[in-house]
Amino acid sequence: MPDETLFAQILDPKNRADPYPLYARMRETPVSRQADGSYLVSTHAALRSLIFDPRLSSEDLPPSRRPATGNPLKDWILNPIRNRVVNTHRPLIFRDPPDHDTLRGFVMKEFTIARVRDAHAKVATLVDALIDKCRGRDTVCLVDDLSYPLPVAVICELLGVPEADERQFHAWATRLATALEPDARHDEAGRREIAATFDVISDYMRRLIREKRRHPADDMLSGLAARGGRGRPVMGDIDLISTAILLLVAGHETTVNLITNGMLTLLRHPDELEKLKADPERAPRVIEEILRYEPPVHFRTRKALGAIAVAGATIPAGSSVVLMLAAGNRDPARFTQPDRFDPDRNDNQHFGFGGGLHYCVGAPLARIEAEIALVTLCRRLVAPRLLDDPPPYRAGASLRGPKNLGITIAGIA
Amino acid sequence: MTEVQRLGIVVVGASLAGLRGAEALRDRGYDGPLTLVGDEPHQPYDRPPLSKHVLAGELPPEATVLPQLSRLRARWRLGQPAVALNRERRVLHRADGATLPYAKLLITTGARARTWPGEGADLAGIFTIRTLEDARALWSALACRPNRVIIVGGGLIGCEAASCCRDLGLAVTLVDPNPTPLARLLGTTIGATLAERMRGAGVDFRPKTKVRAFSGEAGQVRRAHLAGGEVLETDLVIVALGATRDTGWLAAAGLAADAGGLTCDGACRAISIAGEPDPDIYAAGDVARWPNPLYGDRPMTVEHWGNAVDQARHAAANMLASASDQIPYRHLPSFWSSQFGLNIKLAGSTEGADALAVVQGTRASQRFLAVYGRAGRTVAALSFDQARWLPAYAEAVAAGASFPPILGATDQPRIEALEPGLPGPRRSPDRGAAALETAHA
């Protein structure tokens, strides 16, 4: 009898540090129905098949709901309209074609190779500056010192968000990212909080976009906000705002885990750390293996629009489906010795950036940031050792990563 | 020492299929002598870019050299085609008179571009696109900014060439006997959408007509004479009339080979004229015609990149296996094409399809996914600038799903069965995919 509580156990914070034994149990039933009626999908083959299945919809966010204020005008007219607007202009990770494709097209047009390439030099300078700040200390707090400030600075620069404003939306970003966590998403108070935060950050973005239209600069937000020429479709303001928020939040909440999980893994495998230090050319292999072995996003949810037969089971129409990407990454049917961290493995087709239609837009940027950060950390931290193993984790089971990572050092090279 | 260890394996045809087949032999542990024979002087290179990025000037022709994925430890005999095969004596004759003994043979000689068969064939300025030399010559000719390029044939190569020429800002006329481009491959219903796109990009598309002859001045092509009497000025012609299988050298070998391919059994072993498979001769890629179990063992040749790779690897595995351990080759044909800013992919075979339905997106948006049905089954899936969902439909095609296969998809319109507009049965059905390219002359 398959365990119907596996997903609940995954969400339980006490399993955050090592969910992998649970994933192994999960894979015994590739598609398993949970007590709450959702379906967990955990093998590589089933995930691969579903990730390309057009019957799986990403439009699975529960409707936005604003708290009652006691003011009838707000409660009966304004807020329902705002809820409706929010529901129909979700960010593109929560949208299906054709809207998704149109929005993604706009983003891809601005996320140019040239912009990503230019970010390279900026990342290298930033990483060195952040590590320089740790001089004279015997402990590095990796998240606060590097993994968090680096991607935030990079995404702010790329988007054209003034870095001085970052303090302001740090907390907003963290709160909005909980939209990916099922417990927060379905909890009444959590939903209200997400809606309220969305309003505040939307106001901020609206002002910023107005500013960009008045004084366009060479950044993504100016590009996205630009008025199109003859007949070129222009992005609607509400979609523009939700897209900008998505990019900002994604820039805040994912790369931080990639870098931190990466350093944690290297510190747990000192021989691999030494190899990377001796041969920085290994970095791309190391990064891909980290994306498989300790990915920054562990699962994503979808909704089945039609009945789907997969891996010997049938997911009924209307069901909630949890794609356990991190479980597929450890599937022994796809990877030899899946629980071994082995950057030398070939044919490493992991789900670290998802797959299919919603494959991570920021993947090239994330790879650059992680590569430079890890190579530089290995080179410059003298005798790094983990302070706590396992480290304390952030709340999220999907966006999973250490809250902080204490590393003792003998100095900075 | 076994015969194979002493005389070794010879691979005839040093392009994609030959290279991947040779690599597969090594990967599977074959450590005897290995010889690759090729008529072109080059190391194996990739052909798809020749009508795309190379033509558009985005990639130098030299950059198409294929990466070698394993250590081959092979003897290369390039620039000297095989001219005859003596199966009794187990030797291969090369153009320079040399003979090459073999214990086992893998034939991957592919196909060559059909040249202009009509009047004016000897004029300068008439090109085909198949080899590196073709691409180099055409590229230098295009760099001289011809006033008008005429392309004969609206198959994949013709359409891709038209797209590149428009990207280069050249005036282009595409002449095709069918009502739309890609008519034999995708049918006229989908073809009409492409025609619209093509005209939108500025191509002067001339359907339902043929070029009767070319004429010129001082040996250089200057005019195309259409069947209806119209005369078009031109100074550069691209002939895209499909390909013929390179089997001429097998004429006296006693194998079932013709311009449509070399006939093989399900395990990719060449069949003799007596109807028996030769246990030591295998074929793969464009040249091989084999009974595909996915299509009721209908003999077919598949002239696409993916088949060259898969079939060569499959044949290599069978070559090293015992006679009782030969595995039939199953293949779902597929191809991709990039033209006019579109990415077009097909999984399956449209041959004989009697129904067509758009299952995601719309034709009006020029971004959609369509499926082809034949007698109630889904036989092919086409993505028109909408490739991300294709794997799901390709799986449905391979599984022989009913038509239409996937209901309840996102962005699914009301499904209507359309007439695909494919041509009727071919004159010689065993020519298989050969006739997929537009036959003109």
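Predicted model: local features only at pLDDT ≥ 70, side-chain atom pairs only at ≥ 80, totals over all residues.
Reader: Why is I409(A) called partly exposed?

Author: I409(A) has 18 C-beta neighbours inside 10 Å. A buried residue needs 20 or more and an exposed one has 12 or fewer, so I409(A) counts as partly exposed. I409(A) sits in the loop between β11 (406-408) and β12 (411-412) of chain A. Beyond its neighbours within four places in sequence, its contacts are D138(A), V140(A), L381(A), V382(A), A383(A) and P384(A).

Reader: What makes the span of α18(A) agree with its number of residues?

Author: The 18 residues of α18(A), at 1.5 Å a residue, should span 26 Å. The expected span takes one less than the number of residues. The end C-alpha atoms of α18(A) are 25 Å apart, which agrees.

Reader: How do you know that α18(A) is largely enclosed by the rest of the structure?

Author: Buried means 20 or more other C-beta atoms within 10 Å. In α18(A), 13 of the 18 residues are buried, so the helix is largely enclosed.

Reader: What covers the buried residues of α16(A)?

Author: The cover includes α14 (255-268), α15 (270-278) and α18 of chain A. The buried residues of α16 (residues 283-293) are V286(A), I287(A), E289(A), I290(A), L291(A), R292(A) and Y293(A).

Reader: How do you know that strand β27 of chain B is largely enclosed?

Author: Eight of the eight residues of β27 (residues 367-374) are buried, so the strand is largely enclosed by the rest of the structure. R367(B), L369(B), V371(B) and G373(B) point one way, while F368(B), A370(B), Y372(B) and R374(B) point the other way.

Reader: What makes β26(B) and β27(B) a pair of strands?

Author: Pairing requires at least two bridges. Seven bridges join β26(B) to β27(B), and the two run antiparallel, so they pair by that rule. V358(B) has A370(B) in β27(B) as its bridge partner. The two strands form a hairpin with four residues between them, and Q366(B) in the turn has a positive phi of about 55 degrees.

Reader: How many bridges join β27(B) to β28 of chain B?

Author: Seven bridges join β27(B) to β28 (residues 377-384), and these strands also run antiparallel. F368(B) stands opposite F384(B) in β28(B). This hairpin has two residues between its strands, with A375(B) in the turn at a positive phi of about 50 degrees.

Reader: Why are β18 and β23 of chain B called edge strands?

Author: Each of them, β18 (257-258) and β23 (298-300), pairs on one side only. The open sheet has the order β18-β19-β22-β23 in chain B, with mixed pairing. β18(B) pairs with β19(B) in the antiparallel sense over two bridges.

Reader: Which elements of chain B supply at least two residues each to the side that touches chain A?

Author: The contact takes 14 residues from chain B and 14 residues from chain A. On the side of chain B, β26 (355-362) and α8 (390-398) each supply at least two residues. The largest share, three residues, comes from α8(B). By class, this side has six nonpolar, five polar and three charged residues.

Notes
Residues numbered from 1 in each chain as written. Chains lettered and ligands numbered in written order. Contact = placed C-beta atoms within 7 Å. Nonpolar A, V, L, I, M, F, W, Y, C, P; charged D, E, K, R; others polar.
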